[in-house]
Amino acid sequence: MRPRGYGRIVVTTSLAATKVEPVIGYAYMAAKAGARHLVRCLALELAADGITANAIAPGFFVTNIGGGHGHNPDLQAALAKDIPMHRVGQPDDIKALALFLASPASEYITGQEIVIDGGWGLGIAD
């Protein structure tokens with residue numbers, strides 16, 4: 001990337017990097033917090049080379065992570081009650097953000113962590 005003078009680094013962190021959730025576990029949360037800080041360090045170090053570094057921090061998404069428990073409709077319904085948008089995230093919800101951060105359209109954005117969680121990190125709305 002440096003020889004080209006252009007590049008995009010997009011890292012997946014997690015809402016767990018900023019929110020304490022004992023059920024998730026300290027190792028995962030610490031790793032995601034480290035990845036969050038890595039993005040900020042990379043952004044500062046590489047900015048002059050035309051390289052941006054940003055992070056996407058998902059909340060609860062239906063994936064195969066953790067043995068795929070996120071596919072359980074009962075778990076999804078229970079969590080959706082606490083998410084202001086009243087639903088859990090689906091992989092397609094991240095696509096546009098990832099494409100944006102990887103594209104020239106985001107050329108003046110670096111060192112940012114964008115949370116995509118349906119408002120879950122804000123608290124319970126109703």
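Predicted model: local features only at pLDDT ≥ 70, side-chain atom pairs only at ≥ 80, totals over all residues.
## Overall fold

The chain holds 3 helices and 3 strands. From the N terminus, the elements run β-α-β-α-α-β. The C-alpha trace spans about 50 × 30 × 30 Å along its principal axes.

Of the 126 residues, 35% count as buried. Among contacts with a separation of 6 or more, 71% join residues 24 or more positions apart. The accessible surface of the chain comes to about 7700 Å². Carbon and sulfur atoms contribute 62% of that surface.

## The largest pocket

The largest pocket has a volume of about 710 Å³. Its lining is made up of 28 residues. Tyr28, Gly59, Phe60, Phe61 and Ile65 lie nearest the centre.

Several elements share in this lining. Strand 1, helix 1, strand 2 (51-58), helix 2 and helix 3 (92-102) each supply at least two residues.

## A surface patch

Val23, Ile24 and Tyr28 form a nonpolar patch on the surface. Together they have about 300 Å² of accessible area. Tyr28 also belongs to the residues nearest the centre of the largest pocket.

Val23 sits in the loop between strand 1 (7-12) and helix 1 (26-46). Val23 counts as exposed because its relative accessibility is 80%, and the cut-off is over 50%.

## A buried glutamine

Gln76 lies in helix 2 (residues 73-80). Its relative accessible area is 19%, so Gln76 is buried under the 20% cut-off. Leaving out residues up to four places away in sequence, Gln76 touches Val62, Gly70, His71, Val88 and Gln90.

## Salt bridges

Side chains of opposite charge can pair when their charged atoms come close. The count here comes to 5 salt bridges.

One of them pairs Asp49 with Arg2, at 2.9 Å from N to O. Asp49 lies in the loop between helix 1 and strand 2, and Arg2 in the segment before strand 1, so the pair ties together parts 47 residues apart in sequence. Asp49 is partly exposed at 26% relative accessibility. Arg2 is partly exposed too, at 45%. Arg2, Glu45 and Asp49 are linked in a network of salt bridges.

Another bridge joins Asp93 and Arg87, with the closest N and O atoms 2.9 Å apart. Asp93 is partly exposed, with a relative accessible area of 27%. Arg87 is partly exposed at 40%.

Lys95 and Asp92 also form a salt bridge, with the closest N and O atoms 2.8 Å apart. Both residues lie in helix 3, 3 residues apart, about one turn of the helix. Asp92 is exposed, with a relative accessible area of 54%.

Methods. Residues numbered from 1 in each chain as written. Heavy atoms only, no water. Helix = DSSP H or I, 4+ residues; strand = E, 2+ residues; numbered from the N terminus. Buried < 20%, exposed > 50% of the residue type's maximum accessible area, 1.4 Å probe, protein only. Contact = heavy atoms within 4.5 Å. Patch = residues over 30% accessible without salt bridge, like charges linked within 9 Å, V, L, I, M, F, W, Y side chains within 5 Å. Areas by Shrake-Rupley, 256 points an atom, 1.4 Å probe, with all protein chains shown as cover. Salt bridge = Lys/Arg side-chain N within 4 Å of Asp/Glu carboxyl O. 1 Å grid on protein atoms, 1.4 Å probe; cavity = no way out; pocket = protein on both sides within 12 Å on 5 of 7 lines; lining within 4 Å. Points joined across faces, edges and corners; volume = space filled by probe spheres on them.
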